[in-house]
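Subject: Structure handover

Hi,

Here is the structure I promised to pass on to you.

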Amino acid sequence: MSAFETSAASAGASSSDLRFTKLNGENYNDWAINMKATLQSKLLWLLVEGSEPCPAKPEDSPPTDPEKLKEWKAAQKEYMEWTLRDHAAQGTMLVAADRSAQAHVSTCTTAKAMWDQWKKVYVTTNQKIDVHYHFEELYTTKYVEGSSM
């Protein structure tokens, strides 16, 4: 069994397969660690992180020249395998996100785009929350004479 066949066979995921809380807007950092591990175990992480980019899509109609036909078939197979693995990664991530999180990636066409979009949405939001926390801490801290700030 090839690495592709192994990953395709193990790529299917349902929400009951996951052993961590779905992405819900408040748990991005924990979710991202667990999801990365899940995708790595299914041999899909390289697609999501972008190390394994999508190969060029071959022409829709096969060439008539036998030599070019052979190349076209190989390119077609490579493209379809990548697409199937990308769809498996997308499905794995979607079942691990609640509806509010899914809404953020409804227009994404690749697993990498989904990952990047969620990171953009939730890391920025979490950073804003952290800034609010630090400002609150700054404004509620009392100066004690003789102590260092």
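Let me begin with a pair in helix α6 (residues 111-140): Asp-116 and Lys-112 sit 4 residues apart there, so about one helical turn separates them. Helices here are DSSP runs of H or I with at least four residues, strands are runs of E with at least two, and both are numbered from the N terminus. Asp-116 and Lys-112 form a salt bridge, with 2.9 Å between the closest N and O atoms. The term salt bridge stands for a side-chain nitrogen of Lys or Arg within 4 Å of a carboxyl oxygen of Asp or Glu. Both partners are partly exposed: Asp-116 has a relative accessibility of 34%, and Lys-112 has a relative accessible area of 32%. For these classes, buried means under 20% relative accessible area, exposed means over 50%, and partly exposed is in between, using a 1.4 Å probe and protein chains only.

Before going further, two notes on the source. This is a predicted model, in which local features need pLDDT of at least 70 and side-chain atom pairs count only at pLDDT 80 or more, while totals for chains, interfaces and linings use all residues. Residues are numbered from 1 along each chain as its sequence is written, and side-chain values use heavy atoms, leaving out hydrogens and water.

**Overall picture**

The protein has 6 helices and 0 strands, which gives the pattern α-α-α-α-α-α along the sequence. Of its 149 residues, 28% are buried. Its accessible surface comes to about 10200 Å², and carbon and sulfur atoms account for 55% of that; the areas come from the Shrake-Rupley method with a 1.4 Å probe, and for residues only the protein chains shown count as cover. Taking contacts between residues at least 6 apart in sequence, 61% join residues at least 24 apart, where a contact means heavy atoms within 4.5 Å.

**The other salt bridges**

How many salt bridges does the structure hold? The count is 4. Side chains of opposite charge can pair when their charged atoms come close.

One of them joins Arg-85 to Glu-52, with the closest N and O atoms 2.5 Å apart. Arg-85 lies in helix α4 (residues 66-94) and Glu-52 in the loop between α3 (45-49) and α4, so this pair ties together parts that are 33 residues apart in sequence. Arg-85 is buried, at 12% relative accessible area, whereas Glu-52 is partly exposed at 25% relative accessibility. The side chain of Arg-85 also reaches the backbone oxygen of Leu-43 at 2.4 Å. That is a polar contact, meaning a pair of N or O atoms within 3.5 Å; within protein, one must be able to donate a hydrogen and the other to accept it, and residues adjacent in sequence count only if both atoms are side-chain atoms.

Glu-81 and Lys-77 also meet in a salt bridge, at 3.9 Å from N to O. These two are 4 residues apart in helix α4, so they are separated by about one helical turn. Glu-81 is partly exposed at 25% relative accessibility, and Lys-77 is exposed at 52% relative accessible area.

**The nonpolar core**

Which residues touch the most other members of the largest nonpolar core? Among its 27 residues, they are Trp-31, Leu-39, Met-93, Trp-115 and Trp-118. At least two residues of this core come from each of α2 (28-41), α3, α4 and α6, and α6 supplies the largest share, with 6 residues. A nonpolar core is a set of buried Ala, Val, Leu, Ile, Met, Phe, Trp, Tyr and Cys residues joined through side-chain atoms within 4.5 Å. Not counting residues up to four places away in sequence, Leu-39 touches Leu-44, Trp-45, Val-48, Ala-89, Thr-92, Met-93 and Trp-115.

**Leu-46 and the cysteines**

Leu-46 lies in helix α3 and is partly exposed, with a relative accessible area of 43%. Leaving aside residues up to four places away in sequence, Leu-46 touches Ser-51 and Glu-52.

Cys-54 is partly exposed at 39% relative accessible area, while Cys-108 is buried at 19%.

Best wishes
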